[in-house]
Amino acid sequence: MRHRDRLFGIAYWMTGSVADAEDLVQETWLRWNAVTVPVARPGAYLARTVTNLALDRLGSAAARRERYVGPWLPEPLVTAPDASDEVERAEAVSLALLVVLESLSPLERAAFVLREVFGYSHREIAEALDRSEASVRQLARRARSHVEARRPRYDTSAARQRRLTEQFLAAAVGGDVGELMRLLAPDVTVWADGGGKRRAALRPLHGADRTARWALGVLSQAPELEVAFATVNGQPGILATSGGEPDTVAVLDIDGQGRIAAIRLLRNPDKLSHLRVPGTGSGRPPAAGQEPD
């Protein structure tokens, strides 16, 4: 239990899935309970176990992605008020960065997560992955270069992002096309993940005009939605509910000019089932052995 939040963080960064991360932590706990000999470094043993379980899970996830309907986005994390440092570190990975990590090989992703996020030494990572230290250094260097070349470079304060999110929502609800066009970057892109289970665009939308018309159309067709602001993966975001159940999670990326450069929406109910509406408790499932609130 002392290492649980760190194990969850590693698993989430590795898989981009809350459900998978919880499963992997549970499996790690089961394997730990089966150990009958003394372990000199429990934390390292547990990190190695969850990392290798995540590597196995990534193989089956890749096969599922090939059959996925529409754009794929990672499962969102909503920050709990009492989140530990390790959980906050997991939540600080933006949805955009998680998408970038998807383009790494499984071993590159493991090397990046363990080295760049959780600060393990190359020697510790080599032991975890059963690779030579030299090969791990190469993996970590290649992964870091790949991520730096592709990760979003916008540096927007949380307050500014929250303000623009509020302005976007107000304009969309109010049907103010002019204001929407002012807020959107000309080359804005929208990714909507419905997983074939809820209505969502099957391809990314590009351009301010299409995005503005899409935003107005979505809200006009869903008048029953209740919308609240939330912190999603460390960013100000939107949580829309219907009948007390999560319906949509949205996060906006802001460019250096203070305009909305990207919108990511999650509507696949499988990816929102772990969320709770504000006021009902934590944004994560209970730990192994815990009862829900």
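In this predicted model, alanine 192 stands opposite leucine 265 in strand 6.

Q: Why are strand 2 and strand 3 said to stand at the edges?
A: The open sheet has six strands in the order 2-1-6-5-4-3, with mixed pairing. Strand 2 (205-206) and strand 3 (226-232) each have a single partner strand, so one side of each has no neighbour in the sheet.

Q: Which strands does helix 9 touch where it packs on the sheet?
A: Helix 9 (residues 158-174) touches strand 1, strand 3, strand 4 (235-242), strand 5 (245-254) and strand 6, and its direction makes about 35° with that of strand 4.

Q: How does the span of helix 8 compare with what is expected at 1.5 Å a residue?
A: Helix 8 (residues 133-150) has 18 residues, and the distance from its first C-alpha to its last is 26 Å, which is close to the expected 26 Å.

Q: Why are the buried residues of helix 8 said to line one face of the helix?
A: The buried residues of helix 8 are Val136, Leu139, Ala140, Ala143, His146 and Val147. Seen down the axis of helix 8, they fall within an arc of 135°, so they line one face. The face turned away from that buried side carries the exposed residues Ala134 and Ala149, while the cover over the buried residues includes helix 5 (95-101), helix 6 (106-117) and helix 7 (122-129).

Q: Why is arginine 153 called exposed?
A: Exposed means over 50% relative accessible area, and arginine 153 has a relative accessibility of 58%, so it counts as exposed. Arginine 153 lies in the loop between helix 8 and helix 9, and its C-alpha atom is separated by 9.9 Å from that of isoleucine 254, although the two residues are 101 residues apart along the chain.

Q: How do you know whether threonine 49 is buried or exposed?
A: Buried means under 20% relative accessible area; threonine 49 has 11%, and is therefore buried. Threonine 49 is found in helix 3 (residues 42-66), and, leaving aside residues up to four places away in sequence, threonine 49 touches Thr28 and Arg31.

Key: Residues are numbered from 1 along each chain as its sequence is written. This is a predicted model: local features need pLDDT of at least 70, side-chain atom pairs count only at pLDDT 80 or more; totals for chains, interfaces and linings use all residues. Side-chain values use heavy atoms; hydrogens and water are left out. Two strands pair if DSSP finds at least two bridges between them. Helices (H or I, at least four residues) and strands (E, at least two) are DSSP runs, numbered from the N terminus. Contact means heavy atoms within 4.5 Å. Axes are lines fitted to C-alpha atoms, for helices over the stretch in contact, and angles run from 0 to 180 degrees between N-to-C directions. The expected span of a helix is 1.5 Å times one less than its number of residues. Buried means under 20% relative accessible area, exposed over 50%, partly exposed in between (1.4 Å probe, protein chains only). The arc is that of the directions from the helix axis to the C-beta atoms.
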